[in-house]
Amino acid sequence: SKVPAAGRHVGEQGRNIKRTARRRTGKRLEPRNKMPSAESKGQGKNGGEGKTPRVLSLLSASTEIVCRLGMAHALVGRSHGCDAPPFVLSLPAVTTPKMDPTAPSQEIDAAVRAVVAGGGPVYEIHNSMVSALAPDIILTQDQCRICAVTKADVTSACAELPGVTIVTLEPTTLGDVLGDVQTIASALGVAGRGERLVRSMEHRLNEVRLATEHLPRRTASHLEWLAPIMGSGYWIAELFDVANCEMVHGTKGGHCPTLSDPATLDEADVLLLSPCGFSIQRTHYELKSLGLLEKWKNVRAVREGRCFVADGDRFFNRSSCEVVESAEMAAEMAHPELCGLWGHHGKHWCRLDELDAFCAITPPHPAGMPPADLTRNKVAPTKPLPPARTQELADGALATVDAQLRALRAADFDEAFRLCSPDNQARLASAATFASICTSASFSVLVGETTDAHASAQIAPDGLKNESAAQVRVCAGSNHRFLFDLVKEKDGWRTEGVRVEC
């Protein structure tokens, strides 16, 4: 639901966001102009008489909740970060991050802190798309301006929209998360479904409590970010409490503290690495690039085999219904007797000593893909190429990029996907996934007959150093620049990854 960033980490850096811990109360439904109530709109397609509201969800958690309420048919649009359940990727995305989500952790953290200090927006809302979608209800949040689009952003974007209701969520505790389910259900006119879903979630959470209450209580540390190292709090501390663990480096409803001394990690029996917005594969890459596997080899939890890596983007950063799965995973990790009980081991989390094997066979989901330079460093530089050979290779690389750009302009995603390298295709998994990435994030300016569609490509400075790797810079209009990494395959140049430069 966010640029993978230090989002909730920056409270101590001067971010003054009002947080009020609530138990299923206090969320705000704010009509900008008079409109029929959500109840009067009825349940539409699946629930009886009345009009189905048109819902624009700008938070990944709220998108998931809408679908769990059986109201997916009401969704008309989403944010760039809404990716679950997978079919929502077919909806138009109305937001774009203004920073590169594939940048290294330290660069993302620096960019986040600069944004916080400057007070500018982190995301761009495409106002014309919002107007064209004509939503009745917009779901957003006001807890963290880094994690997702905020109410202030939305208010500006929908100033000209008549009769739109803005539903603002501010979850900080587990009670708030459960309350958000009921808030959204009421706004959509399906309050009964919300009550049923909350009861189901509470029942499943209680099952975790019952399974762990007779087991030894563990201390646990969940790291929300790796550079700098940051703990977590909010509802995550409560999920570990459900699993009979005492959270260190974070408290219920509290912000994410920066750990100035890595030695404090020894306080935890169990260490969970699931950074904000990162898949397991992306975390694997960051651990290696930062040298943390070597630096942390003597940390107690690592040494004793109780360090784990989980899908942070999907399960430990979102205030969705899947907090239940997060509690189950915490119990599976903390208590060997329960490992695998709920079926999450090897699917949504693994032990640190299993990480290489997991990433070798499991493609990442789009939201947590590794940076584009993940494989570029595998190619060793060689002696300078003769000028004629350099030109020949450059022409081939440019031809591949031009062909891929033409396919994107024609929305021929199968052809554009074919021009990706085998490794890149494996990471992307399918042409459909590739299409969703191209149309829902910063790359959308390359797709279709838009004002920026006529992109120009040229070999980047020092972009061709050997026979096997090339870099091509693509400019789309005056405001967008991309760097294509290409590798030489048997059948020609293929795109290995693309980075947003600006």
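Helices H7 and H8 run roughly antiparallel to each other in this predicted model. H7 covers residues 174–187 and H8 covers residues 191–212, and their axes come within 7 Å, crossing at roughly 155 degrees. That angle is over 145 degrees, so the pair counts as roughly antiparallel. As for handedness, the crossing of H7 and H8 is right-handed. On the H7 side, the contact is built from Leu-174, Leu-178, Val-181, Gln-182, Ala-185 and Ser-186. H8 answers with Ala-191, Gly-194, Glu-195, Leu-197, Val-198, Met-201, Glu-202 and Leu-205. Sorted by class, that makes 9 nonpolar residues, 3 polar ones and 2 charged ones in the contact of H7 with H8.

Arg-217 sits in the loop between H8 and strand S8 (218–223), and Arg-217 pairs with Glu-246, with 3.0 Å between the closest N and O atoms. Glu-246 belongs to strand S11 (residues 245–247), so the bridge ties together parts of the chain that are 29 residues apart in sequence. Side chains of opposite charge can pair like this when their charged atoms come close. Over the whole structure, a search turns up 20 salt bridges.

The bond from Ala-84 to Pro-85 is cis, with omega near -10 degrees, and Pro-85 is placed in the loop between strand S3 (75–78) and strand S4 (95–97). Further along, the bond from Ala-227 to Pro-228 is cis, with omega near 0 degrees. Pro-228 is found in the loop that links strand S9 (225–226) to strand S10 (229–230). Then there is Ala-134, which is not a glycine but still has a positive phi, near 50 degrees. Ala-134 lies in the loop between helix H5 (127–133) and strand S6 (137–141).

The protein chain averages a pLDDT of 78, and 73% of the residues score at least 70. Over residues 450–457, though, pLDDT stays under 50, and the model gives this stretch 25 contacts beyond four places in sequence. Residues 460–465 also have pLDDT below 50, and here the model shows 18 contacts beyond near neighbours in sequence.

Technical notes:
Residues numbered from 1 in each chain as written. Predicted model: local features only at pLDDT ≥ 70, side-chain atom pairs only at ≥ 80, totals over all residues. Heavy atoms only, no water. Axes fitted to C-alpha atoms, helices over the stretch in contact; angles between N-to-C directions. Helix = DSSP H or I, 4+ residues; strand = E, 2+ residues; numbered from the N terminus. Parallel < 35°, antiparallel > 145°, perpendicular 65-115°, else oblique. Left-handed = near helix turned anticlockwise from the far one by under 90°. Contact = heavy atoms within 4.5 Å. Nonpolar A, V, L, I, M, F, W, Y, C, P; charged D, E, K, R; others polar. pLDDT = per-residue confidence, 0-100. Salt bridge = Lys/Arg side-chain N within 4 Å of Asp/Glu carboxyl O.
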